[in-house]
Amino acid sequence: METEKSKGTPLELFWTFFKIGAFTFGGGYAMIPLIEKEVAENKKWVTNEDVLDIVAIAESTPGPISINAATFIGWKLSGRVGAFFATLGVVLPSFLCILAISYVLRQFERVQAVKYAFFGVRAGVLALIIKALSTMFKQCPKDLTAYILMAAAFAAVAFFNVSVLLVIASCAAVGLAATLLAAGKEGAA
Amino acid sequence: MIFLDLFWTFFKIGAFTFGGGYAMLPLIQAEVEAHGWMTTAELVNFIAVSESTPGPFAVNISTYVGTETGGLFGALCATFGVILPSYIVILLVARAYEKFRESRAVAGCMSGLRPAVVGLIGAATVSVGQAVFFPGGISLAAITTVPFIASAAIFALMLMLLFKKDLHPIKIIALSAALGIAIGYAFGL
């Protein structure tokens, strides 16, 4: 173990990730700059390159990116205990906040002005979803297999009511098979 | 048993979602609608709430649905469920994350999952669009009504602000809420 790097006690980890959880609106990728600033620059628990690695892992493992990143950094710093406290910290602000809101949201939704606000907001959210769709399309591989999977996943759910879980599992399997086949061909040539 | 159902449903959502933010939407939509926990319009309203409150969308929605259907304990079950797959997988992967990152199998699965997520969000966009523009069902007559024209105008404006000005999601929500209220009272919707 390096001695010059401070490793963070469970309480410090909890508090750092609690702050990150409390100040990220929208979650996911919005959290990454905050993690860089708090965990890499301020606390120097990990380097900026580590953060890039962590994001790569968080993207290719199931679950929300912010939870994956918190668990991973916590584990890296102080094992299972660290992972537990970092994850608890990042989750707790949104848990408490929504818990408080959920008791009033239904009553609130009956107010006429709020109804109008949500009427406008739904159109705005649709625009946000389309923006997210375009961002994810840009990050996506652009080859024939990818386009076919995209179209198949879309059609299966939009027109044929196929289960989303089944679509996700099948597309992963097709991607795996295509990659292994291509690798096999390369190996044979 | 509602608590077990909440835990298991959100466990599946956590286990089968790859990527951040809106990547979770298709699966969440499928599950909460199948259970009758939320309508599409309520889900879209909640996306706006989630964008304006701290933390990851997955945690926000699991806490909300949990509270609505099973009180505090329901919220705990649902949130614990959505986090658990991440937690377990990261602890398993963290030990050998170099190997995981270089793994051809992981890259293969991801090459199928990325396009799948794009297709699935595309399908979610269609159903959200339907809920926004045609809440009473698709009909030609609906497109001459004030709510349709107002929604279309707000949607187009927000889309432009997102793609041309890269406006922050919270500002999009605040602005579309304000427009909704103004139009709502002006036309007595």
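**One residue and its surroundings**

Modeller: Leaving out residues up to four places away in sequence, Ile121(B) touches Ile129(A), Ala132(A), Leu133(A) and Met136(A), along with Tyr22(B), Leu25(B) and Pro26(B). Contact here means C-beta atoms, placed from the backbone, within 7 Å. The model is predicted: local features need pLDDT of at least 70, side-chain atom pairs count only at pLDDT 80 or more, and totals for chains, interfaces and linings use all residues. Residues are numbered from 1 along each chain as its sequence is written, while chains are lettered from A and ligands numbered from 1 in the order in which they are written.

Now the core. The largest nonpolar core has 121 residues. Such a core is a set of buried Ala, Val, Leu, Ile, Met, Phe, Trp, Tyr and Cys residues joined through C-beta atoms within 7 Å. Buried means 20 or more other C-beta atoms within 10 Å of a residue's own; exposed means 12 or fewer, and partly exposed lies in between, again with C-beta atoms placed from the backbone. Ile121(B) is among the members that touch the most others, together with Leu120(B), Ile129(A) and Ala153(A).

Next, the contact between the chains. Chain A brings 84 residues and chain B brings 94. On the side of chain A that touches chain B, α1 (10-23), α3 (48-59), α4 (65-108), α5 (112-139), α6 (144-158) and α7 (164-188) each supply at least two residues. α5(A) gives the most, 22 residues. That side of chain A divides into 60 nonpolar, 19 polar and 5 charged residues. Nonpolar covers Ala, Val, Leu, Ile, Met, Phe, Trp, Tyr, Cys and Pro; charged covers Asp, Glu, Lys and Arg; the others, Gly among them, are polar.

Chain B has 8 helices and 0 strands. These are DSSP runs numbered from the N terminus: H or I of at least four residues for helices, E of at least two for strands. Of its 189 residues, 52% count as buried. The C-alpha trace spans about 60 × 40 × 30 Å along its principal axes.

By domain assignment, which is automatic or from a database, chain B splits into domain 1 (2-133) and domain 2 (136-189). Their C-alpha centres lie 27 Å apart.

One more helix of chain B. α1(B) (2-15) has 14 residues and reaches 20 Å from first C-alpha to last, close to the 20 Å expected at 1.5 Å a residue. The expected span is 1.5 Å times one less than the number of residues. Its buried residues are Leu6(B), Phe7(B), Thr9(B), Phe10(B), Ile13(B), Gly14(B) and Ala15(B). Their cover includes α2 (25-34) and α4 (57-94) of chain B.

Finally, the partner. Chain A has 7 helices and 0 strands. Its radius of gyration is 21 Å, but a compact globule of 189 residues would have one near 16 Å. The radius is taken over C-alpha atoms, and the globule rule is 2.2 Å times the number of residues to the power 0.38. Buried residues make up 47% of chain A.

Methods: Two residues are in contact if their C-beta atoms, placed from the backbone, lie within 7 Å.
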